[in-house]
Amino acid sequence: MTPAQAPAGSRLRLESLAARGDAEALVSRSDALSYAALAQRAGAVAEALTRAGVRAGAPVALLSAGRGFDEAVALAGILGSGRVVVPLDAGAPAARLSTLVAARGCRALVHDAAAEALVAALIAASPRATDAVPNDAAPSPPSVLARVTLDATGEVLAVQALDATAPDPDVPARSTDAALSPLSPLSPLSEPLACILHTSGSTGTPKPIPITWAGLDAFTAWAVALTALAPGDRVLRVAELVFDLAWFDHLATFRAGATLVTLARRDLAAGRSLRDALATLKPTVIYGVPSLFMKLVAALPPGALLDPSLRVILFAGEVFPPRELRALAERAPTAALYNLYGPTETNVCTFHAVDRATLSAEREVPIGIPCPYAACTLLADDGSGRLIEGPGTGELVVSGPTTIGGGPYPTRDRVERGADGLLYFRGRLDRMVKIRGYRVEPGEVEAALTEHPAVRQAAVVPVEDPRLGRVLRGCVAIEAPAKQEPSATTIDGQVLRRHLAERLPPYMVPERIDIVHDLPRTVTGKIDYRAIAGA
Amino acid sequence: MPVTPDEVQRVLHDHLVNEILLRRTPLGPDEDLFEAGLDSMALTRVLVFVEDRFGIRIPDEDVVVDELSTLARMARFVTAQATPGRT
């Protein structure tokens, strides 16, 4: 289906939610909310935004620290009133959030009461944030943010209107506008947007990725069919909203009329708490990163099975080691397992239904076959521009409604098409790494390190830790002491890690940072990343 | 190695502030660590540190998030784990 033919139902509409009446939309350990009530509370959020002076089509930041019902209510309220969601990561430092809010031209922020302290810090950080964006057209300083505060059940607690004297940046709802340009240029699109996500950017600033309704429509229609998602299903609310996995949780669930099962972030923090939450909440569908499932399996007593109500397990974001996947499959003997693949720029573009019969012999888990809406080609990496038709390895290039700008999008992932016709992930063509499913561009971390006055040059590499899995390690060359200001304090790894923690989300802060006078070099004079990883 | 709850709490405090949460301000004994920014990975890192520092092994199935949600609770949990003869 081309985007122009997308049916009216492809957007989230409050009337469609309300029409499901008493069916359960949201449940938690202690509470439940019907679709009618969800629509009513989301309508109140939409109305509060209008009252606060936020136009239809405007980008609205969303921040939920407690992840109660407020998150889904805020999402439905913003999307259902034709506005664009810019989700904020509650774990990221306020300065970074402030920069994003300004760069995306957000005029409003919907947040829960639990986020009050972070919101105050975000607003306090705003002058610095606007200084950091050398573009005078789009940014709106957070000091002129309208705010809608929700309680954990999604009821509106307070509304703070826009300052009427603040200039309106006049941001249209289409991605051709300047709102996307300050941090990184995007190819023009003409599709209505649902949200703007951010991933790590190799140039040192977060990379905005506009997600269109046409793309979400194609993805959720397919995902609902794949999982036979239906009323009565209970989908666990897992990934952070800044991560594209979370959009399955909300939009596929609401499309199918299923129930979203919310849980606190701390329930996801340890295997045992997740296990206990599952035993109580009995979800039927879980979509998460492999490390989440591995943590869960490690916390199960020997021989114990997951509740048989769990019928679909979807995983994505990183490679699932086959031995660990087998362990999960044994603990969920009746669940269907699917490996989903795709960077945020393409959403899910390939999938693989895990075959239990052959799982014990498999040495790796394929990323499978293209989704019906995604055109996937392999481009020979010899620079010839040749497409690989049969078996072979090349860069995966994706086109289709879920792909940024419609594509073609070169993923920078090396992918092999095996003799079995299935696709296999073979690593990156650049330095991007995955840390527990989160994309990290080492270049962004390096750029943040070199912002420190004492740092001359920085290199960041992934290393494997036996207990922590893949972690980042940094190595910085510092200015000779004579060049430093006399008052400069001693630079050590701790100082630099704290410097990063005030600028980057926690998963981008290296576990260890070594200080040297010169970065190790290869014989040809390039930075020797291998030596740094092996140090 | 016998450890006192006070010492455990002091060691945990310094590690949390300087290595995990990377704060510039001290951490109160009853401050909610998850609200202070502790996440799944950070919790794993704290436990790895505790295992190395106190020479104990904490199996995944013993990890109860509610027992680790504040500095004071975490110190009690670790002291109990590090005390020989515990059941």
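Biologist: How many residues of chain A are in contact with chain B, and how many of chain B with chain A?

Modeller: This is a predicted model. Contact here needs C-beta atoms within 7 Å. On that basis the chain A side has 21 residues and the chain B side has 18.

Biologist: Which helix gives the largest share of the side of chain A that touches chain B?

Modeller: Two helices of chain A, α9 (271-281) and α14 (493-501), each supply at least two residues of that side. By class, the side divides into 10 nonpolar, seven charged and four polar residues. The largest share is four residues, and the helix that gives it is α14(A).

Biologist: How is α1(B) oriented to α3(B)?

Modeller: Helix α1 (residues 5-20) of chain B packs with helix α3 (residues 71-82) of chain B at about 125°, their axes 9 Å apart. Angles of 65 to 115 degrees would be roughly perpendicular, and those over 145 roughly antiparallel. The angle therefore makes α1(B) to α3(B) oblique.

Biologist: What is the handedness of the crossing where α1(B) passes α3(B)?

Modeller: Residues in the contact include B:Leu12 and B:Leu16 of α1(B), and B:Met74 and B:Val78 of α3(B). The contact has nine nonpolar, three polar and one charged residues. The crossing is right-handed.

Biologist: Is A:Thr203 buried or exposed?

Modeller: A:Thr203 lies in the loop between β8 (193-199) and β9 (207-212) of chain A. A:Thr203 has 11 inside 10 Å, so it counts as exposed.

Biologist: How far apart in space are A:Thr203 and A:Val445?

Modeller: In sequence, A:Thr203 and A:Val445 are 242 residues apart. In space, C-alpha to C-alpha, the distance is 9.5 Å.

Key:
Residues are numbered from 1 along each chain as its sequence is written. Chains are lettered from A and ligands numbered from 1 in the order in which they are written. This is a predicted model: local features need pLDDT of at least 70, side-chain atom pairs count only at pLDDT 80 or more; totals for chains, interfaces and linings use all residues. Two residues are in contact if their C-beta atoms, placed from the backbone, lie within 7 Å. Ala, Val, Leu, Ile, Met, Phe, Trp, Tyr, Cys and Pro count as nonpolar, Asp, Glu, Lys and Arg as charged, and the others, Gly among them, as polar. Axes are lines fitted to C-alpha atoms, for helices over the stretch in contact, and angles run from 0 to 180 degrees between N-to-C directions. Angles under 35 degrees count as roughly parallel, over 145 as roughly antiparallel, 65 to 115 as roughly perpendicular and the rest as oblique. A crossing is left-handed if the near helix is turned anticlockwise from the far one by less than a right angle, and right-handed if clockwise. A residue is buried if 20 or more other C-beta atoms lie within 10 Å of its own, exposed if 12 or fewer, and partly exposed in between; C-beta atoms are placed from the backbone.
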